[in-house]
Amino acid sequence: MTYQCFLIKYAEIGIKGKNRHVFEDALVRQIKLALKPCEGNFAVHKTYGRIFVECLSAYDFEEVTQALSHVFGIWGICPVAVSDLVEPEELMAKAADFVKEVFPGSKSTFKVHTRRMDKSYPMDSQELNAELGHAILEACPDMSVDVHAPEIMIEVELREKIYFYAETIPGPGGLPVGVGGKAMLLLSGGIDSPVAGYMIAKRGVRLDAVYFNAPPYTSERALQKVIDLAREVAVYTGPICLHNINFTEIQLYIYQKCPHDELTIIMRRYMMRIAELLARKAGCLGLITGESIGQVASQTLTALGVTGEVCTLPVFRPLIGFDKEEIITVSKKIGTFETSILPYEDCCTIFVAKHPVTKPRLDTIVRHEKYLEEKIDEMVERAIETDDMILVDSTGFRHITGEEKN
Amino acid sequence: MREAYLDNSATTRCFPEVAGLMHRISLEEYGNPSSMHHRGVEAEKIIREAAGTLAGILKVPEKTLLFTSCGTESDNIAIIGGALASQRKGKHLITTAIEHPAVLESMRFLEKIGFSVTYLPVDRYGTVSPQDVEDAMRPDTILVSVMHTNNEIGSVQPIAEIGERIKGKNRSALFHVDAVQGFGKAQILPRKMHVDLLSASAHKIHGPKGVGLLYCGEKVRLQNLIFGGGQQGGMRSGTENVPGIAGMAEAAKALYENLDEDREKLFAMREYLAGAVQDIPGIYVNGQPGREGAPHILSLTVPGVRAEVLLHALEEKGVYVSSGSACSTNRPHISDTLTAIGMKREDLDSTIRLSFSVMNTMEDAQQAAYALHELVPFLRQFTRH
């Protein structure tokens, strides 16, 4: 079967009242973006309160449905066969052919659902349902009609053309990226943070990401791994600006000045501070982390409180109540797991103490951070000034230089 | 920044004349050596000439040489092909604990399909005792594989003596030598050393990547592992890499013309660097003392500093080295060789390898020495607790 068109079904957008067009326009934009790398020409339009992807040339069905199934906001993708508006007799034959071809040898139950926008058509919807059902039964004798709980719903729409569709390929749900503003993801290279980014992006939020690099303690390959993870997330979100921040100097300074069991907490507080500064610069409305309660010493409730205290922007932690296994399941589903488990050290684990504090006290930490007063501000400033910005999308990446940064 | 590439045991830079020759052959002598016509004959001639050059270096007949895609493939064909062809005589093999994964993993595969393997220990310098080899020989021993030069610490094995002991016990047991690190750095004469099978690789000797060599003695029977058009006497099907093979021969010729002089130069750089870092507290050199070992490999243990961190820090100073063996890529794994020489657990992760080539100069060794002096004390301030 060659489908000339895809009908995009969206769920939540439908209930957004007066803002509806904002969501629809965002979805159209995201669909166009997702189809860009695909072979073929497509037109995406909003008509009759829905979105159609019209295929203007030959295309690869798998590639296109795969690309569409990554677009947040899509609930389902229906491949549609389109024919010219014809007289009832020919319509019956076409419908029967369609079902025969799409469900060869099927023994399923079905129901026909007709929508007649063209009220001048000689038969009304009820009559059409009955006649079409009849024609299909004749062509596919093993199928049977069930009007209450059909296994297959055969949709026939009569407009200026006739549209047949019966299958729905599931989309990821959620809201189109961009409608919810932008947030800054702290991307570490582990399993959790890409999943956290995915989950927030699914609610319509565009992502920027920040990675804390610590050469020579972390390798060039660790950065490459983070870029690869960003690319895998970008499949769903569209382009991500990745801020590659050199954290070595700050990390070594903390190591020299502060108690070692508090190293991780203090380090993370500085990461949050830098992330927030970058976020404000980039117009992000919040920070995203992959933290989940109790996973490691720095993720106890006490530690999370002490870490989060430095931020004035909201910190979103979508995995906060997830078990590791649950995170891994999502990570595998979205395709980031394999890259996540490549064995490159990230900067959080380099100097990790044997017994880091699990119940840090805010006042103690703040007091110990005073030991850093002399140089830390200029170091933070330098880290942000030397931000190596990398624009990542699903097809590749490039470093952003000079003028472009602003 | 000035670059001091001291990772020549991982791979070398191509000699310009080798690259030039390959460039010319790729453009001009593009025939398939199996073709009947003139172009084919010309290409075949190039391979014959290359084989002649290499045969001259090894002092073996030209037709005993097989061209493969890499040292690993040569090791695989020699060990697996050799074992399969001899399995009616027995199913026992002997090797050492410090072999390259190309050998060890081939052995492990054979174990899975019913062969048994003895892994010989080495002393603290990384040397195998010929007596141990002899003692391990059994009536059903069909193949012994011992490397010429170890890739991690540069220890050189007494190949000729081991060969003599093997043949003294059992004339028909095959002796394979992985000479990937030794070829181009030492005089290697398989026939004099009682070696039946010998592997070498082009990219370790300033030739191209993608070409390996296997010497296979005239009376040695091997089961071929690659099936196809029957090239190279059916032992290794597949169209020959004409420019690559010519490149390997050209590189080997250049090296062996100056062997003694080059060895002297390599030793001098290695000795300079080993001496120059001696005053860094706690640092020590692995492998054989004096000039017993390979001239080009210097294995240094820097207690209290993680090898990977030191490697990246050196990289920031333009000095390229490797941690453990680069052939095991980026998987943090415990080195078989370092474990086998009895290195302390806490030092296993603090060992780097610096490997020289004739393209290095004394300035490179000096640059590495300065960098180590500067970096080690700095990095030692920051350790895990």
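This is a predicted model: local features need pLDDT of at least 70, side-chain atom pairs count only at pLDDT 80 or more; totals for chains, interfaces and linings use all residues.
## Ground rules

Local features here need pLDDT of at least 70 and side-chain atom pairs count only at pLDDT 80 or more, while totals for chains, interfaces and linings use all residues. Residues are numbered from 1 along each chain as its sequence is written, and chains are lettered from A in the order in which they are written.

## Where the parts meet

Start with the two chains: chain A puts 13 residues into the contact and chain B puts in 12 residues. Two residues are in contact if their C-beta atoms, placed from the backbone, lie within 7 Å. On the chain A side there are 9 nonpolar, 2 polar and 2 charged residues. Here Ala, Val, Leu, Ile, Met, Phe, Trp, Tyr, Cys and Pro count as nonpolar, Asp, Glu, Lys and Arg as charged, and the others, Gly among them, as polar.

Chain A itself is split into domain 1 (5-170) and domain 2 (182-405), with bounds from an automatic or database domain assignment. Domain 1 of chain A gives 5 residues to the contact with domain 2 of chain A, which gives 8 residues. The domain 1 side has 3 nonpolar and 2 polar residues, with no charged ones. The C-alpha centres of these two domains of chain A lie 43 Å apart.

Chain A has an open sheet of 7 strands, ordered β14-β13-β10-β11-β12-β15-β16, with mixed pairing. Strands pair if DSSP finds at least two bridges between them; helices (H or I, at least four residues) and strands (E, at least two) are DSSP runs, numbered from the N terminus. β14 (315-316) and β16 (396-399) of chain A each have a single partner strand, so one side of each is left without a neighbour in the sheet.

At one end, β15 (388-393) and β16 of chain A pair antiparallel over 4 bridges, and A:Leu391 has A:Arg398 as its bridge partner.

## Helix α4 of chain B

Buried residues in α4(B) include B:Leu104, B:Met107 and B:Leu110; buried takes 20 or more other C-beta atoms within 10 Å of a residue's own, C-beta atoms being placed from the backbone.

Those buried residues of α4(B) pack against α3, β3, β4, β5, β6 and α10 of chain B. After α4(B) comes B:Gly114, with a positive phi near 110 degrees.

How values were computed
A residue is buried if 20 or more other C-beta atoms lie within 10 Å of its own, exposed if 12 or fewer, and partly exposed in between; C-beta atoms are placed from the backbone.
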